[in-house]
There are 2 protein chains.
Amino acid sequence: MTAELISVGTEILLGNITNTNARYLAEECAMLGLSCYYQVTVGDNEERLAGVMKTALERSDVVLISGGLGPTEDDLTKETLAKVLGRELYEDQKIRKDIENYFHKTGNRHMASNNLKQAQVIEGAVILDNPNGTAPGQLVRTEEGKIAVLMPGPPGEMIPMFRDKVKPYLESLTPGTLYSEMLRICGVGESSVAEMLKDIIDAQTNPTIAPYAKTGEVHLRITALAPDQETGKAMVAPVVDQIRGRLGDHIYTTKDETMEEHLIRLLQEKQMTITTAESCTGGLLAGTLINVSGASDVFHQGFITYDNQVKHRVLGVKEETLRQFGAVSRQCAQEMAEGAARAAGADAAISVTGIAGPGGGTDEKPVGLVYIGCYVRGKVTVEECHFSGNRQKVRELTVKRAMNRMRLCLEQ
Amino acid sequence: MTAELISVGTEILLGNITNTNARYLAEECAMLGLSCYYQVTVGDNEERLAGVMKTALERSDVVLISGGLGPTEDDLTKETLAKVLGRELYEDQKIRKDIENYFHKTGNRHMASNNLKQAQVIEGAVILDNPNGTAPGQLVRTEEGKIAVLMPGPPGEMIPMFRDKVKPYLESLTPGTLYSEMLRICGVGESSVAEMLKDIIDAQTNPTIAPYAKTGEVHLRITALAPDQETGKAMVAPVVDQIRGRLGDHIYTTKDETMEEHLIRLLQEKQMTITTAESCTGGLLAGTLINVSGASDVFHQGFITYDNQVKHRVLGVKEETLRQFGAVSRQCAQEMAEGAARAAGADAAISVTGIAGPGGGTDEKPVGLVYIGCYVRGKVTVEECHFSGNRQKVRELTVKRAMNRMRLCLEQ
C-alpha cells in the first residue's frame with residue numbers, strides 16, 4: 001500500500017514554520033510498512049488544494065492530510081475534500097457540544113461563532129476526537145477504496161490523534177504484521193553508531209534496521225515483517241542481541257519510554273529521591289524530569305542558581321572554589337551536586353554548569369563547555385562535555401546528557 | 001511570479017530527516033516576493049521525479065530543486081531534468097578539475113570514478129560553483145521562459161549556493177519588493193483575533209494580513225507589495241495602527257522578539273530583577289527565561305518547589321494556607337510569589353501552582369486549573385487559568401501565560 005502526505009498551510013509555504021508533521025508522519029508510515037512516494041505542501045486555496053487532493057487520491061492508497069481545519073474562513077481543507085469526494089457536510093451535535101464544553105472549560109465565556117464550523121462533518125466520515133483542541137479529525141473511505149484522513153495542523157493535536165486513532169486503523173489494513181522494537185541510544189553519535197553496526201546494517205533484509213537521529217540520541221528501529229507478532233518477535237530478538245553486544249550500555253532502553261521516563265522509573269524502583277542544581281540550563285533539566293507524570297514521588301525540590309553568589313549562598317559552593325576555578329569548572333559542579341543533595345535532603349542530585357553562549361566563551365573555556373555532576377548517596381562523578389550548536393541546542397544536549405549520566409550512575 | 005520547491009530524497013520520504021531546506025527556501029521566496037504555492041518531496045525515482053518536474057514547470061515560473069546531485073547511481077535529479085527538458089549532458093572540464101582538486105585538498109587520494117558524474121552539465125545551463133562540496137548547482141532557462149535550478153541537498157552546501165548565486169539572479173527578475181511587519185499577540189485565541197479583525201481581514205488586498213497560531217500566541221503578519229521598502233513601510237503603518245486600536249495590549253510586541261526576549265528586555269529597561277517559584281511547571285518557566293542570552297542581568301535564582309513541605313520551608317507559604325486552601329489555590333500562589341521575591345531578594349517574582357494532569361484532578365480543582373502569581377515591588381496579583389490539553393500542553397500554556405501576565409504587570 002502507498003501513502004501520500006498533504007500538508008496544508010500558508011505558514012509552511014511562507015517558511016514561517018518548519019514542516020515537522022511531515023517528518024513524523026513519514027516515519028510512522030515507514031514503520032507501518034506503507035510506501036510513501038510523495039509529500040506535498042499547499043496553501044489554503046480551494047482550487048490548488050482540490051487539485052492536489054485529486055492527484056493524491058488517484059496515485060496513492062492512503063492520503064494523510066494535516067492542517068486547515070481551524071475555525072477561520074481561511075481554513076477550507078474539510079470543505080474542499082467534501083467537494084472533491086462529492087459529499088455533503090452536516091453538523092454533528094456531539095462535536096458541537098464538545099466545542100461548547102471546551103470553551104466553557106477554558107473560561108472563554110464567548111464562543112466565537114466561527115468555531116461552530118468545526119462541528120461540520122463529511123458524510124460517511126469516521127470522526128476522530130481531538131482531546132487537545134477544538135478541531136476533530138475525520139477519516140473517509142472513498143468509493144474506490146482509497147482512504148483520506150483529515151487531521152489538525154498543530155503537532156500537539158495531530159500527533160496524539162494519529163497515534164491513538166489513525167495508526168490502529170491503518171495497522172488493521174496492512175497484510176501480515178510488522179513487529180518492531182526500538183533501541184534508544186545516548187552518548188554516541190549517529191555516524192559512530194552507523195560505523196559500529198555497518199556490517200549488520202548492510203546485511204539487513206528482514207528484519208530491517210533504521211536509524212533516526214534525535215537531539216542527543218540515536219534511535220534504531222528493528223522491524224520484522226512476519227505472519228504474526230510472535231514470529232516477528234522471534235525474528236527481531238537475535239538482531240537486538242547482536243546490536244546490544246556492540247553498543248553495550250549506550251542503549252538506555254528497549255521500552256517505549258523517553259530518557260526522563262526511564263530515569264524517573266529507575267529512581268522509583270530504587271526508592272530514591274533526586275534534586276537538581278542548574279546554572280546554564282536554568283530549570284530545563286528539572287522541567288524535563290517533572291514532565292513525567294508521577295515525578296512527584298522522587299522529585300520534591302530543585303535549585304536554579306544562575307548567579308555565583310546564589311551558588312555559594314544556597315548550595316554552599318565555596319567562594320574559594322569560585323575564585324580559583326570559576327563557576328564553570330569540575331570543582332564547582334561537584335560542590336553544586338553535593339550542596340543540592342544536602343539542602344534538599346535528597347539521595348541523588350544532578351548539577352549543571354556551563355557556557356551556553358553565544359557570549360561568555362574564552363579560549364580556555366569555550367562556548368559549549370559544560371560540567372555535569374552526579375551525586376548518588378555520598379559519591380560524586382563529574383563529566384566534562386563539549387557541545388556544538390546555538391544556545392538552545394547546547395542547553396538541550398546538556399539536559400539529555402545529564403539525565404544519561406545519572407542513569408549510568410544509578411545502573412552501576 | 002510563482003515559485004515551486006522540489007525536495008528530492010528518500011531520507012525525507014522515510015522521515016529520517018526533517019526537511020529544513022524547504023523552510024529556508026520558502027522564507028527566501030516570500031522575501032523575494034515570489035508566490036510559492038507548492039512544495040513537493042519525491043524520492044530518487046526517475047519516473048516520479050520526471051512527473052513532479054513536468055507538473056512544476058507547467059504551473060510555476062521558478063522551480064527550485066534540491067537533492068539528488070550526489071555521485072551515486074541513486075542520484076538522478078540532473079539526468080532526469082535533462083530528459084524532461086530534452087537536453088543533452090556534457091562533461092565540463094573546469095568542474096572536472098575542481099572535483100579533482102577538492103579530493104586532493106581533502107586528502108582523499110582515491111577519487112571515486114563515480115564523482116566524475118558530477119562534472120556532467122545540462123546543455124545551456126549556468127553552472128553554480130559549490131565551494132562546500134563536489135556537486136555544482138545548475139540554473140537552466142527553458143524555451144518557455146521558465147527557470148529550473150538544481151542545488152545539492154545538504155543545507156551546508158545548498159544555503160550558501162542559494163544565497164550567493166541563485167538569490168541575486170532571482171532578485172534581478174522580480175518587480176517591486178515586499179515589506180512586512182509581525183504583530184505578536186498573547187492572551188486571546190486565534191478565532192477571537194479573527195473575529196475581532198474580521199472586517200479588516202476581509203477587506204485586505206495590499207497589504208495582506210496573515211494570522212499564525214503558536215502555542216498560547218497568535219502572530220499576525222502584515223505584508224505590502226511596493227516599489228521600495230520605504231513605500232512598503234508607509235503602506236503597512238496604518239494597518240498596524242488600526243489593528244492595535246482593536247487588540248490593544250494583547251499585542252505584546254511588533255519587534256522580532258519572543259515573549260521571553262520581550263520580558264527580559266522590559267526588566268532590563270526597568271533595571272529590575274526577577275525570580276520564579278514553580279510547582280507544576282517545575283523549572284520550565286525559568287528555563288524559558290534563561291534561554292534568552294543576557295538573562296543573567298535580571299535573573300539570579302529560581303525555586304522549584306514541587307512538594308508542599310518545600311513550599312513552606314523554602315518560600316514560607318503558611319502551613320495554615322496549605323491546609324485550608326491547598327497548594328493549588330489563589331492564596332498559595334500569592335504567598336509563593338511573595339516568598340520567592342523575599343528569599344531571592346528580587347524586585348519581581350512569578351509563581352505557578354496548578355494541576356498539569358493527567359492525575360490529581362478533582363471536580364472542584366480539575367486538571368488544567370493553574371494559579372499564576374505576579375509580585376512586583378510589594379504588589380501581588382493572581383490570575384486563575386483553565387487550560388486544556390495533555391500534561392505538556394498545560395505546562396507550556398502556563399509558561400506563556402505567566403510571562404504574559406508579568407509583562408502586563410510591568411507595562412502598567
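Predicted model: local features only at pLDDT ≥ 70, side-chain atom pairs only at ≥ 80, totals over all residues.
Chat on the A–B interface and its sheets

Me: Which strands of chain A and chain B pair in the antiparallel sense over five bridges?
Reply: Strand β14 (residues 299-305) of chain A and strand β14 (residues 299-305) of chain B. Strands pair if DSSP finds at least two bridges between them. Helices (H or I, at least four residues) and strands (E, at least two) are DSSP runs, numbered from the N terminus.

Me: What is the bridge partner of A:Gly302 in β14(B)?
Reply: B:Ile304.

Me: How many residues are in contact between chain A and chain B?
Reply: 73 of chain A with 72 of chain B. Contact means heavy atoms within 4.5 Å.

Me: And what area do they bury between them?
Reply: About 5700 Å², 50% of it on carbon and sulfur atoms. That is accessible area (1.4 Å probe) lost when the two parts are put together, summed over both.

Me: Which chain A residues lose the most area to chain B?
Reply: A:Gln39, A:Ile304 and A:Tyr306, together 11% of what that side buries.

Me: How many salt bridges between chain A and chain B?
Reply: One. A:Glu73 forms it with B:Lys198, and the closest N and O atoms are 3.2 Å apart. The rule wants a side-chain nitrogen of Lys or Arg within 4 Å of a carboxyl oxygen of Asp or Glu.

Me: New topic. What is the strand order in the open sheet of 12?
Reply: β6(A)-β7(A)-β8(A)-β3(A)-β1(A)-β2(A)-β2(B)-β1(B)-β3(B)-β8(B)-β7(B)-β6(B), with mixed pairing.

Me: Why is one side of β6 left without a neighbour in the sheet?
Reply: β6 (126-128) of chain A and β6 (126-128) of chain B stand at the edges, each with a single partner strand, so one side of each has no neighbour in the sheet.

Me: How does β6(A) pair with β7(A)?
Reply: Antiparallel, over three bridges, with β7 of chain A at residues 137-141. A:Leu128 stands opposite A:Gly137.

Me: What does helix α3 of chain A touch on the sheet?
Reply: Helix α3 (residues 46-59) touches β1 (2-8), β2 (35-42), β3 (62-66) and β8 (147-151) of chain A, together with β2 (35-42) of chain B.

Terms used:
Residues numbered from 1 in each chain as written. Chains lettered and ligands numbered in written order. Heavy atoms only, no water. Axes fitted to C-alpha atoms, helices over the stretch in contact; angles between N-to-C directions.
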